[in-house]
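Here is a short report on the fold and packing of one protein chain. Please keep the sequence and the structure open while reading.

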Amino acid sequence: MLGHASQFSDNRRPWTRSQRCFSPSASRSRGNRRRPVASRRNVPVLIHFGHCGSAGGIAQNAYSNPAGLERAAKRYPEVTFVIPHFGIQHVQEVLFLMWACPNVVVDTSGSNQWVRYMAHRLTLEDLFRRFYETMGSERIIFGSDSSWFPRGFARRYLVDQLRICWEMGMPAAELQQIFGGNAARLLKLDGWRPASAGPC
């Protein structure tokens, strides 16, 4: 899925101020067309790595590993690349990619049930703790994964993730960064104001 360039300046729909794509469909030639647009329009690029879909979906292919993003991220340091769901099964690669490329960030979207399929024990709290301790709150973006109806807003994801961060003892300012401030900065939402950082 790719955001069209005509959407980037649409102030009525701030959620379209980004480019979105799934890595399995992002061949080298197509990907090279997307990145300069993001650079010219000064919008972030969200790329889905890891498995796609529910059971029976795509588990692995030539473009599903985020390590392959390093060359592009270094070539376009002015573009912010967002990797959703903590990179799914590629947590290690995402951490090293973020170490190498300060313009790469993660989002926390979804139930993150993929952790059940990892060979080692991994929880949502483990993910938050590892990314927070190594990359800091300014490179973590809350994602609701509330993209379809009739389900509507998946409040449980917000409640679970906010509780984890609260129990980790994050300062209120850093909670506000993760749960709104970072996204507002990337999408240039000048009117954004933080809500209470307390438990839901």
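A residue counts as buried when its relative accessible area is under 20%, and as exposed when that area is over 50%. By that cut-off, 46% of the 200 residues of the chain are buried. The model is a predicted one.

**Overall fold**

The chain holds six helices and five strands. Along the sequence they follow the pattern β-α-β-α-β-α-β-α-β-α-α. Among contacts with a separation of 6 or more, 67% join residues 24 or more positions apart.

The elements discussed in this report include the following.

| Element | Residues |
|---|---|
| Helix 2 | 70-75 |
| Strand 3 | 81-83 |
| Helix 3 | 91-100 |
| Strand 4 | 104-107 |
| Helix 4 | 124-135 |
| Helix 5 | 155-167 |
| Helix 6 | 172-187 |

Which residues of helix 3 are buried? They are Val91, Val94, Leu95, Leu97 and Met98. Viewed down the axis of helix 3, these buried residues fall within an arc of 165°, so they line one face of the helix. The other side of helix 3 carries Phe96 and Trp99, which are exposed.

What covers the buried residues of helix 3? The cover includes helix 2 and helix 4, together with strand 3 and strand 4.

**Helix 4 against helix 5**

Helix 4 also packs with helix 5, at an angle of about 55°. Their axes are 10 Å apart. Angles from 65 to 115 degrees would count as roughly perpendicular, and those under 35 degrees as roughly parallel. Helix 4 and helix 5 are therefore oblique to each other. Their crossing is right-handed.

Helix 4 makes this contact through Leu124, Glu125 and Phe128. Helix 5 contributes Gln161, Ile164 and Cys165. Of the residues in this contact, four are nonpolar, one is polar and one is charged.

**Leu187 in helix 6**

Leu187 belongs to helix 6. Is Leu187 buried or exposed? Its relative accessible area is 19%. The cut-off for buried is under 20%, so Leu187 counts as buried.

Leu187 can also be placed relative to Asn42. Along the chain, Leu187 and Asn42 are 145 residues apart. In the model, their C-alpha atoms are separated by 9.5 Å.

Notes: Residues numbered from 1 in each chain as written. Predicted model: local features only at pLDDT ≥ 70, side-chain atom pairs only at ≥ 80, totals over all residues. Heavy atoms only, no water. Axes fitted to C-alpha atoms, helices over the stretch in contact; angles between N-to-C directions. Helix = DSSP H or I, 4+ residues; strand = E, 2+ residues; numbered from the N terminus. Parallel < 35°, antiparallel > 145°, perpendicular 65-115°, else oblique. Left-handed = near helix turned anticlockwise from the far one by under 90°. Contact = heavy atoms within 4.5 Å. Nonpolar A, V, L, I, M, F, W, Y, C, P; charged D, E, K, R; others polar. Buried < 20%, exposed > 50% of the residue type's maximum accessible area, 1.4 Å probe, protein only. Arc of directions from axis to C-beta.
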